[in-house]
Amino acid sequence: MTRRGWLLFLTLGVFWGMPYLFIRVAVTDFDPVVVAFGRTAIATLLLLPLALKARALRPLLPYWKILLLYTAVEIIGPWVLLGHVEQRLNSSTTGLLIAMVPMVAAIILTVTGHDRLDLRRSAGLLLGLVGLDLEFDDLLAIGQLLLVVIGYAIGPIIVSRKLSHLPSIGVVTGSLAIAAVAYLPFAVFLWPAQITARAAGSVVVLAVVCTAAAFLVMFALIAEAGPARMTLITYINPVVAILLGALILDEPITVGLAIGFPLIILGSILGTWRSAPPPDAVVTATDAVEPADESNVR
């Protein structure tokens, strides 16, 4: 990968490792729905001129049902649930557990017959699960985070199977706009009586940096280094989330977190490593199924 490619890669890793910190800050004063609405609405306004200039929205119309499904599982549900989760769990813990997405995606692809688990990948998935540093005193937050992980795993699969031929900026802008409209009536009802600078600033950063700018960097990285590199971003995000949580919010780096992090990352790498086809399988170029691209995870 070129120097520019590495710069884009590291920048995107930081941009998509930051949301957990700013969500944690924002939900101290705003309802999670308000945070999600502000993030999607502002990001939509920033990306819409680019999508219109590229004429990237009209091609989405025949696929509006699939786009709605993708938006529901990738944005509408997860972004509200993340806000509720971070009212209970540290941002570093949340960011670390999101690293389970590649493992869950591998399981989903195996169950649906698009991939298979060999001994190495199975061991990797088990290793990743061993690395989870959880206290089960808040099962609600853990259950909500599990739903986020499942949504983040399903979303890219939908894109790679049904929407990959459409303009990326159109899909992103369209899904953000749909999510903003879905949040709007609830956000109006839950709008805070007082808007603090700390929470408002966090929402702006989430929208401008972690969403709009991050997607532009993602498109540039794909053009520079190809989509295959994007899966590695999933392993960078937790590092950023843990460091920011410790440095800015004084969140503790526990022994369990320090041990669990490398186990989850190693388990994710092993668990998502593409399996070789069975010896008796004949796979043609048109029959081959690519693994899901987790590039949309943040």
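Start with one definition: buried means under 20% relative accessible area, exposed means over 50%, and partly exposed is in between, using a 1.4 Å probe and protein chains only. Before you click around, note that this is a predicted model, where local features need pLDDT of at least 70, side-chain atom pairs count only at pLDDT 80 or more, and totals for chains, interfaces and linings use all residues. Residues are numbered from 1 along each chain as its sequence is written, and side-chain values use heavy atoms, with hydrogens and water left out.

**The whole chain.** Switch to cartoon view: the protein has twelve helices and zero strands. Helices here are DSSP runs (H or I, at least four residues), strands are E runs of at least two, and the numbering goes from the N terminus. Of the 298 residues, 48% count as buried.

R55 sits in the loop between α3 and α4. Its side of the story is an open one: R55 is exposed, with a relative accessible area of 72%. Most residues other than glycine have a negative phi.

**Select 91-98.** Here is helix α5, and eight of its eight residues are buried. Going along, you'll pass S91, S92, T93, T94, G95, L96, L97 and I98.

I23, P32, V35, A36, R39, W79 and G83 line the largest cavity. On a 1 Å grid over the protein atoms alone, a cavity is a set of points where a 1.4 Å probe fits but cannot get out, and lining residues have an atom within 4 Å of a point. Its volume is about 50 Å³, counted as the space filled by probe spheres set on the points, with grid points joined across faces, edges and corners. Three cavities reach 30 Å³ or more. Now colour by helix: α3 (32-53) and α4 (64-85) each supply at least two lining residues, and α3 gives the largest share, four residues.

V239, L243, L247 and I248 make a nonpolar surface patch with about 390 Å² of accessible area together. Patch residues have over 30% relative accessible area and no salt bridge, and nonpolar side chains (Val, Leu, Ile, Met, Phe, Trp, Tyr) are joined within 5 Å. A salt bridge is a side-chain nitrogen of Lys or Arg within 4 Å of a carboxyl oxygen of Asp or Glu. Zoom in on L243, in helix α11 (residues 233-248): L243 is partly exposed, at 46%.

Methods:
1 Å grid on protein atoms, 1.4 Å probe; cavity = no way out; pocket = protein on both sides within 12 Å on 5 of 7 lines; lining within 4 Å. Patch = residues over 30% accessible without salt bridge, like charges linked within 9 Å, V, L, I, M, F, W, Y side chains within 5 Å. Areas by Shrake-Rupley, 256 points an atom, 1.4 Å probe, with all protein chains shown as cover.
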